[in-house]
Amino acid sequence: RWFPAVSEQNFLAAAVKAPFPDPLGLPGRYSWHRDPERSAARRAEDAVQSIIPLWKIHPDRIYLMGEGLGAELAMRLTLGRSRY
C-alpha cells in the first residue's frame with residue numbers, strides 16, 4: 001500500500017513474504033520456520049540479486065523498505081551491505 005508514496009514513475013517494487021502459512025491458520029498471514037531473520041534476509045538478498053541483471057539497476061539506486069520487523073531487516077541489510 002505504500003509503494004505509490006515512493007514515486008509515481010521510474011521505480012520497481014518487489015515484495016518478499018514468509019513462505020509458510022501462519023500456524024494459527026489466520027488468513028493472509030505467513031511465518032518463517034527456523035531462524036526467521038536469516039531466512040528473511042536470504043530471501044530479500046536473493047530477490048535483489050535476481051532483479052539487478054534483469055532490469056539493469058545501478059546498485060546505488062536500490063532502497064530496501066519494510067514495516068515492523070521488515071523495516072528492521074531492511075535497515076540491517078542496507079547497513080551491512082558493501083555493494084550488490
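Phe11 is partly exposed, with a relative accessible area of 35%, where partly exposed stands between buried, under 20% relative accessible area, and exposed, over 50%, as judged with a 1.4 Å probe and protein chains only. This residue is found in the loop between helix H1 and strand E1, which covers residues 20-21. Together with Val6 and Met65, Phe11 makes a nonpolar surface patch of about 260 Å². Such a patch is made of residues with over 30% relative accessible area and no salt bridge, in which like charges are joined within 9 Å and nonpolar side chains (Val, Leu, Ile, Met, Phe, Trp, Tyr) within 5 Å. The accessible areas themselves come from the Shrake-Rupley method with a 1.4 Å probe, and for residues only the protein chains shown count as cover.

The model is predicted, and for that reason local features need a pLDDT of at least 70 and side-chain atom pairs count only at pLDDT 80 or more, while totals for chains, interfaces and linings use all residues. Residues are numbered from 1 along each chain as its sequence is written, and side-chain values use heavy atoms, with hydrogens and water left out.

The chain as a whole holds 3 helices and 2 strands, and read along the sequence these follow the pattern α-β-β-α-α. Here helices (H or I, at least four residues) and strands (E, at least two) are DSSP runs, numbered from the N terminus. Along its principal axes the C-alpha trace spans about 40 × 30 × 20 Å, and of the 84 residues of the chain, 19% count as buried.

The largest pocket contains about 1,700 Å³ of space. It is lined by 42 residues, of which Ala14, Ala15, Val16, Met65 and Gly66 are the closest to its centre. A pocket is defined on a 1 Å grid over the protein atoms alone, as an open set of points where a 1.4 Å probe fits, with protein on both sides within 12 Å along at least five of seven lines, and lining residues have an atom within 4 Å of a point. Helix H1 (3-6), helix H2 (36-55) and helix H3 (69-80) each supply at least two residues of the lining, and H2 gives the most, with 9 residues. By class, the lining has 29 nonpolar, 4 polar and 9 charged residues.

| Residue | Relative accessibility | Class |
|---|---|---|
| Lys56 | 72% | exposed |
| Arg76 | 43% | partly exposed |
| His58 | 42% | partly exposed |
| Glu72 | 36% | partly exposed |
| Ser39 | 16% | buried |

Lys56 is found in the loop between H2 and H3, and its phi is near 50°, a positive value in a residue other than glycine. Most residues other than glycine have a negative phi. His58 also has its place in the loop between H2 and H3, and His58 and Asn10 are 48 residues apart in sequence but 13 Å apart in space, C-alpha to C-alpha. Ser39, by contrast, lies in helix H2, and the C-alpha atoms of Ser39 and Pro19, which are 20 residues apart along the chain, are separated by 9.8 Å.

Side chains of opposite charge can pair when their charged atoms come close. Glu72 forms a salt bridge with Arg76, the closest N and O atoms being 2.5 Å apart, and a salt bridge is here a side-chain nitrogen of Lys or Arg within 4 Å of a carboxyl oxygen of Asp or Glu. By this rule the count comes to 1 salt bridge. Glu72 and Arg76 both lie in helix H3, 4 residues apart, which is about one turn of the helix.

Notes:
Grid points are joined across faces, edges and corners, and a volume is the space filled by probe spheres set on the points. Ala, Val, Leu, Ile, Met, Phe, Trp, Tyr, Cys and Pro count as nonpolar, Asp, Glu, Lys and Arg as charged, and the others, Gly among them, as polar.
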